[in-house]
Amino acid sequence: MRRLLLIAIPYAWLVALFLVPFLIVVKISLSDVQLSIPPYTPTLEFSAGWTGIRDFFSQLDFENFVFLTEDSLYWKAYLSSLQIALVSTALTLMVGYPIALAMANAEQAWRPTLMMLVILPFWTSFLIRVYAWMGILSTEGFLNQFLLWTGVISEPLTILNTRVAVYIGIVYTYLPFMILPIYATLEKLDVSLLEAAEDLGCTRRQAFWLVTAPLSKPGVIAGCFLVFIPAIGEFVIPSLLGGSQTLMIGKVLWEEFFSNRDWPVASAVAVVLLLILVIPIILFQRNEQRQREAEQ
Amino acid sequence: MPDPKPSAQPVEFAPWVDPKAAPLISFRGVTKRFGDFTAIDNLYLDIFQREFFALLGPSGCGKTTLMRMLAGFENATEGTILLEGQNIGAVPPNKRAVNMMFQSYALFPHLTVWDNIAFGLKRSDMPKDQIPARVEDMLRLVQMQKFAKRKPHQISGGQRQRVALARSLAKAPKLLLLDEPLGALDKKLREETQFELMEIQEKTGTTFVIVTHDQEEAMTVASRIAVMDHGKLIQVDTPPVIYEAPKSVYVADFLGDVTVIEGRANRVGDIYEVSWAEGQPPLRCASPLTLAPDQSCFVAVRPEKVEIHADRPEDENVLQGKIVDIGYLGNLSTYHVQLANGQIIKAQNFNTERDTRRRFTWEEDVWVNWTVRCAILLER
Ligand SMILES: Nc1ncnc2c1ncn2[C@@H]1O[C@H](COP(=O)(O)OP(=O)(O)OP(=O)(O)O)[C@@H](O)[C@H]1O
Ligand SMILES: [Mg+2]
């Protein structure tokens, strides 16, 4: 009985905060747009009794999903989101791994401080930090001024409102999510394994690729998922740093919802996005599980 | 090809007594400090080719540190270490013809047993097609053929130890460092592996340095034993010498069982008489030491040298006492005999007859004695 209760609590949580909202969104995605409050039809009316419910279901259809496939905007947005998320995940890994490695190799006494420094940016508002990047990256921004001053460039670079700015923003924002899981696996790594590798004839570099890298794989995979999954639906960074040319599905979603007030199409976009994300999430879960089994 | 028969060793192997022999390893005044803690203290030591050198000592005395300096993971704070006459201070571990079996095994968890053993071979100049045969040889040696496909977390502690041993042997290094290689094995497998090690050593001419907590093991395998304490070498000698002629109470006590009696020595003829307690006869001891008259000293007697009698024997060093404790070990029994002044003498008797009734029992009055040559006289 107690066990049942223990299981029931997280399930109740999931049902109330994930499944119910998701089903509502699915329902809206199957509805039609209408100028009213709420801005779609049909709505379920229990007063009409059994026939009302039957009417309600007969009015639901897949029109909005068909519409998504007809307008190239949507699949282009999905594709470019996927591409941006993949590239920024790779970049975050390239930046994050060396940082995690350095942290794991630092003196024991320094590690909590370094950890603090990694988490520190979370103490200020995400929006403020993104705005700060606008100040840094704009044509008259700090970066250009600095580069002009040092004479590296003679013309200011256009970084803001390009994809590069989006990459910088995503890498910056999600870096801690990459560093922390990698650091966790690297910190657990037994130093004597590296010594054994060297003893058996490896150089330091070989020992890294043959021992450290494979043993930190679970951390790398976890980090990549933690960056990739939110990055693909990212909305704030592309709208603030990416300008109008950068197409991302999060932005499309927002515009459908608030500018066009087309809730059904927006919901359809969201459902498809979720389906795209379910695949990596399942893969992520499986990775976690395999890791747990390996540790036993 | 060297003669494969191990019995063909006509001359006694003792390069350490030969002043012309060049040592394989030479520690010259080596000191290792961790912060202000001295782990190895001004150590001089020569180890020769083909030796099986055992390091013995209490936990934390610096055995692993010594090995790690040989493997190249620690640098000496002072002094130099020579390998074949070359200072190896600046040579990185991967360039040394030295392999180490780690105390913690350090098996690669992401690789199978097979790949762990092949790891060093793949990094060596061995042709690729010879590697599988070598790995199979090693697996057979440690009886792990059946587990080649398993990962380290899927095998038992003793099996892991065997894999670690096989991995360190695979490259047939000039010098092999074994940090407690057999501790987790059961007695039978341990003895087999000990002989296996000795055979490998005779076949390959590899020099072994082995750390062990098991004295019997050290006695069985070693050409010489070094007893360490607090980063210093207390005594380095062959197993019989270190057992029968220890130079200090510390060594006598560390290796095997011993009764130590404190007293004052006086020379009588070519023998020392040690007076040690009121009302007890002086103990007579033959010794090469030169002691001043009335010098304080220790007499150390191994239990197996002490005879136990029901009646007073006509002999030297005869003491009377009562049995207060009996330890039955199967092949032999250890008796703790308490003398009138409280001193306990340990005596060991072989149980040569198959008789479940013991020859002596608790609280029985007995006589113990040992001959003049059997006791060891030690300076304070
Ligand atoms: N990296 C290190 N930093 C500080 N002290 C160390 C370090 N490595 C070893 N020591 C200290 O040096 C001493 C010798 O250690 P070592 O590992 O050589 O002992 P050991 O003889 O191998 O002991 P055991 O039989 O328990 O394995 C110990 O007191 C240990 O605490
Ligand atoms: Mg040790």
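Which protein donors hold the magnesium ion (ligand 2)? In this predicted model, they are B:Thr64, through OG1, and B:Gln103, through OE1, at 1.8 to 2.5 Å from the ion. Donors are N, O and S atoms within 2.8 Å of the metal (3.2 Å for Na, K and Ca); water is not among the atoms, so sites may look incomplete. B:Thr64 belongs to helix α1 (residues 63-71) of chain B, while B:Gln103 sits in the loop between β6 (98-101) and α2 (113-122), so the pair ties together parts that are 39 residues apart in sequence. Helices (H or I, at least four residues) and strands (E, at least two) are DSSP runs, numbered from the N terminus.

The domain assignment of chain B, automatic or from a database, gives domain 1 (22-249) and domain 2 (257-378). Their C-alpha centres lie 39 Å apart. Between them the domains bury about 600 Å², 59% of it on carbon and sulfur atoms; buried area is the accessible area (1.4 Å probe) that two parts lose on being put together, summed over both. On the side of domain 1, B:Tyr243, B:Glu244 and B:Val249 lose the most area, together 75% of what that side buries. B:Glu244 also forms a salt bridge (a side-chain nitrogen of Lys or Arg within 4 Å of a carboxyl oxygen of Asp or Glu) with B:Lys305, the closest N and O atoms being 3.2 Å apart.

Residues are numbered from 1 along each chain as its sequence is written, and chains are lettered from A and ligands numbered from 1 in the order in which they are written. Local features need pLDDT of at least 70 and side-chain atom pairs 80 or more, whereas totals for chains, interfaces and linings use all residues; side-chain values use heavy atoms, without hydrogens and water.
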